[in-house]
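This report describes one protein model, starting from its overall build and ending with a few single residues. Please look at the sequence and the structure first.

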Amino acid sequence: MSGGPPGAGRTVLVTGGSSGLGAAVVAAVARAGGRPLVLDRQAPADGVPWVECDLADTRAAEAATRQLAERSGGLDAVVTAAGMDVPGKLADVPGETWDRIVAVDLLATAAVVRAALPFLETSRGSVVTVASTLGVKAVADATAYCAAKFGVVGFTRALAAELAGRVGVTLLVPGGMRTAFFDERDAAYKPGPDAVLNDPADTAAAVMFALSQPAGCAVREMVVCADQETSYP
């Protein structure tokens, strides 16, 4: 995506691109004349090329990334927007659920980027990883989510050092957004009626800004949240 704004022919792979922030990024890429691709368990917007994939299966995520990239003739960028959480006390969250949160939020991020790297190095493209304000500030009843998102922060900072001069790397730290992310939670863990949440389209616009930087100019990290966000710093 380096070298100017995302125009016709620019190909952007978005994980979790069927809903929430991912869908907002897909829409922003399409509006800008780019070509979004999606990895998700659910179908994205009509006409968007995609591969069905459970990102908790990291080897499947790698294979699906290569499949989409090869089918599309390469990649200019990857945005790892897929994420999940099931809040609860460590003793109460089933081990399989805890592991799945870490797999989807952290391990799949690394797996997709790993598989995409040969294509991104060819295009001198970009990666935007999606952490969270809970990747820099820990709270109770979120041990899996915080572990995963703190991991995304460390992974991305190390990746940026490793790929400097070859692939652009940006860490996105979003606050809470008005998406379906909270819908399946127990009532105790849902934002209240007065919660201040950001519009995912605004966060997607920040992603597009990062992707529009010319080669050699790095937007290393961005915190994007509602101005009354309480989970950061």
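The model is a predicted one.

**Overall build**

How does the radius of gyration of the protein agree with that of a compact globule? A compact globule of 233 residues would have a radius of gyration near 17 Å, and the protein has 17 Å, so the two agree. Along the principal axes, the C-alpha atoms fill a box of roughly 45 × 35 × 35 Å.

Of the 233 residues, 52% are buried. Among contacts with a separation of 6 or more, 67% are between residues 24 or more positions apart. The accessible surface comes to about 10,300 Å², and carbon and sulfur atoms account for 53% of that surface.

**Cysteines**

How many disulfides does a search of the whole structure find? The search finds 0. A disulfide requires two cysteine sulfur atoms within 2.5 Å. For C225, the closest cysteine sulfur is in C146, at 16 Å, which is too far for a bond. C225 is partly exposed, because its relative accessibility is 26%. C53, by contrast, has a relative accessible area of 5% and is therefore buried. The cut-off that applies here is 20%: a residue under this value is buried.

**A residue in helix α4**

A160 belongs to helix α4, which spans residues 143-163. Is A160 buried or exposed? Its relative accessible area is 8%, so A160 is buried. Leaving aside residues up to four places away in sequence, A160 touches V169 and R220. The C-alpha atoms of A160 and A144 are 24 Å apart in space, while the two residues are 16 residues apart in sequence.

| Residue | Relative accessible area | Class |
|---|---|---|
| C53 | 5% | buried |
| A160 | 8% | buried |
| C225 | 26% | partly exposed |

Conventions: Residues numbered from 1 in each chain as written. Predicted model: local features only at pLDDT ≥ 70, side-chain atom pairs only at ≥ 80, totals over all residues. Heavy atoms only, no water. Buried < 20%, exposed > 50% of the residue type's maximum accessible area, 1.4 Å probe, protein only. Rg over C-alpha atoms; globule rule 2.2 N^0.38 Å. Contact = heavy atoms within 4.5 Å. Areas by Shrake-Rupley, 256 points an atom, 1.4 Å probe, with all protein chains shown as cover. Helix = DSSP H or I, 4+ residues; strand = E, 2+ residues; numbered from the N terminus.
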